[in-house]
Amino acid sequence: MKADIAVVGSGLAALVATRTLQQAGRNALLIWPGLSSLYFTYATVDVLGYSDLTTTQPVDQPEAGVAQLIEDHPEHPYALAGLDALRSGTALLTEWLRDAGFTWQGSLARNLLLPTAIGTPKPSCLVPASMAAGDLRRTEPIVFCGFHGYEDFVPELAAANLSRSWGGDDQSVRAIRVSLPGFEPGRLFTSIDIARSFEDAAFRREVAGRIRREPAVDGVRIGMPAVLGLTHDMEVYSSFAAEVGHPVFEIPTLPPSVLGLRLFDRLRKHIQESGVEMVWAAPAHAAELSDGQCRRILLKSAGREQPIDARAYVLALEDTVDGALRAGVHTVVDPFFHQALAHHAVPTDRTDESLFKPQPFASVGYRVSNRLQPIGDDGRPLAGNVFVAGGAIAGYDPVGSKSRGGLAIATGYRAAREAMAA
Amino acid sequence: MITDEIGTLSDTVEEAAPVEACTKCTACNTVCPVARSTDIFRGPKFLGPESERYRSQAEAAVTAGLDLCSGCKLCEVTCPSQVTIQEYIRRAQNKGAEERGRTLRDWVLGHTRLLSRFGSMTAPLANFGNRNPLVRLVMEKVIGIHRKRPLPRYQWLTFERWFKRNRSLPLVGRAREGVSRRTVAYFYGCWVNYNERRLGEMVVHILERNGIDVIVPKQQCCGIPAVVNSNIDLARKYGAENVRRLSGLPANVDIIASSTSCGLMLKHDYSHLLEIPGAEPVGARTYDICEYLWMLYEAGELDIAFQPVETRLLYHAPCHLKSHGMGYPATRLLRLIPGVHLDEVDEGCCGISGTFGVKVEKYDLSMKIGSRLFEAVKAAGTDSVLADCETCRLQVEHGTGAKSAHPVEIVARAYGYR
């Protein structure tokens, strides 16, 4: 199959790259190797939460923080993509979210500080409006509301943790649990099941009533696991919050992320219905190179390999999440150029024993040129018309520094612009 | 995936992922159209890889809930680790059916071809019966086929016989020495043969218009109705018969299917789920009709002297089409035709999944799964809804009252075919 520019990937970097191409009037083909990382990791777009992995002091102004980071670390992917790419890409995404019917809040100027499901404060830049009332810079007391039988969100844990780092007296953070009609404890159910039920108005009204009947002081805000509707953005949230009678905010839960699912489903649908073709279920697993250019990539399609011949390629792969990179005992290998991206004496060198410490595997990826082309050991581009975006770029830990979203935007945007010029 | 040596990495990429490759990420459950529509279904993750770890050949099959899997394969399309979720579910279902014995309905729906042949031979009577409320009530009580589900109309003149009558040699296309550059074998499937002969006529017309010789080898049901109705052995028997016949074709003959799911069986399931020897080379030369026409276009071999077709169309991509991993060739093709205004609707599964939505206890669920699509189709108000899969078309017509067509119908019209 021939294409103008092929984008491989399914996460935010791939979507931003594809949207950039579409807005520029170019013909993008989006190749989807499998599920999107948005289902796991995205509820918010984090641009820069912590300036490095050692500090616990969150970044207040992400744009200024990134500018400083670029100055201090000229090899950092943010420096390679450039501050302009972050600004333009963020503007493009913000506008796209609006066009696709989302109501989001935030800007590059200032981070919000939002409680996580375990009650830790997390800096985020762009967030769904349904999360915004959780901002810890506001002072209203918080009541975490969980559901009996749903253990992916434990309100008591969140309250205990948050009251250590935030709030003044004992009353400022509390936990309650209500039971959900039809969800008997002991039965197996997930956030997806609950989210689907919340789309039903009668169910919503009943749950809102149960929360209202819980003794609560005036002026509290209610933090709930993000289950307020499976596919809707604000409709379910708004009507539910009105019935509860207090400000309500959603908190991202363990995977699968309902917030990520809402985001990905609707952006994918929007871009597809506006004319971008998607190739589903076809992992790309080889590239054919000649004269320093990538001539084609091969997809694993039903029955046979499907070649994609494009003028340029954006590899918006997502490291460990989408299975793009393959780990052997000693080596991590990329699927296109069969380059060894990392060597480890033993596989355990890739991980730190503490789950909450920076993980070496997180920064494994392609080394890239200042135009985001993958480079070999000699520092020269492996192919002049291939550009890497997103988590598969080496040299940063997107999770630890809370910068996954911003880097996806900046590198997705920049890679698309480079692909257009190639 | 962990391997010992870097040198074996490329091999591991080719293999089907073992059950251990499932990282329990739950992505499959989030996209499963059944799990999204009911809370009585525990989802592909639990019924596929998670249960698989506890299944052994020696023990009795645990099949509770397995019948709610509609077989759309969106779980496999979504799985980032390429776990063959569907195959685990199908095998367990099959084992359960072997142990407890198959129901009358399993047998009836698994033998679609036999049934269709009978329906076609007795077409006026069968069509009358399928629309008669009393007959349908009896069918519901005795076999378990929901009385509200419209059943496809049978045609007395089959595609096979039409082809025999209208082409010079029996079951072999018009040989046009020195003219044709390509020869294709048409796998028309039961649907075209017994229910929608016109679609087959159009496929033949379009291919011949492009100077391609069409031959129609003798063929059996592709086997998918048997696969989804707990009879893998029967499907394997059908598949092996098709593989034997299609393997005998000269090496330069490509195989074309106009049914999404028949094509997927030939391309993929024969060599994977059914493990039919010799199936891989057959799959490697099987093409969906639109995929093939687009390939001709890219090679500069497609006649693009299209007449304008002034129409507003809505394209719905069938779930099994996504499993082909070839994009949406129909949309590319139709956008070459002047006058065609084509929009896409991305509302996921239509809900029917072949014989799933026909069953008495699944009908309501099937309509609920499709409800998002139905609403979108009604809101769009187009001339026709296009889908490559015949049961998607039946479901959209039933759920919306809109007209539907296979994409090649528009191509045929653009070629002046009436």
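Of the 221 residues in the largest nonpolar core, those touching the most other members are F198(A), I211(A), M224(A), I297(A), F336(A), Y366(A) and Y186(B). A nonpolar core is a set of buried Ala, Val, Leu, Ile, Met, Phe, Trp, Tyr and Cys residues joined through side-chain atoms within 4.5 Å; buried means under 20% relative accessible area, exposed over 50%, and partly exposed in between (1.4 Å probe, protein chains only). Helix α11 (residues 404-421) of chain A gives this core its largest share, nine residues. A second, separate core has 32 residues, among them A226(B), L234(B), V253(B) and L266(B).

The model is predicted: local features need pLDDT of at least 70, side-chain atom pairs count only at pLDDT 80 or more, and totals for chains, interfaces and linings use all residues. Residues are numbered from 1 along each chain as its sequence is written, chains are lettered from A and ligands numbered from 1 in the order in which they are written, and side-chain values use heavy atoms, with hydrogens and water left out.

| Property of chain A | Value |
|---|---|
| Span of the C-alpha trace along its principal axes | about 70 × 45 × 40 Å |
| Buried residues | 61% of the 422 residues |

In chain B, V142(B) counts as exposed because its relative accessibility is 54%.

Note on methods
Helices (H or I, at least four residues) and strands (E, at least two) are DSSP runs, numbered from the N terminus.
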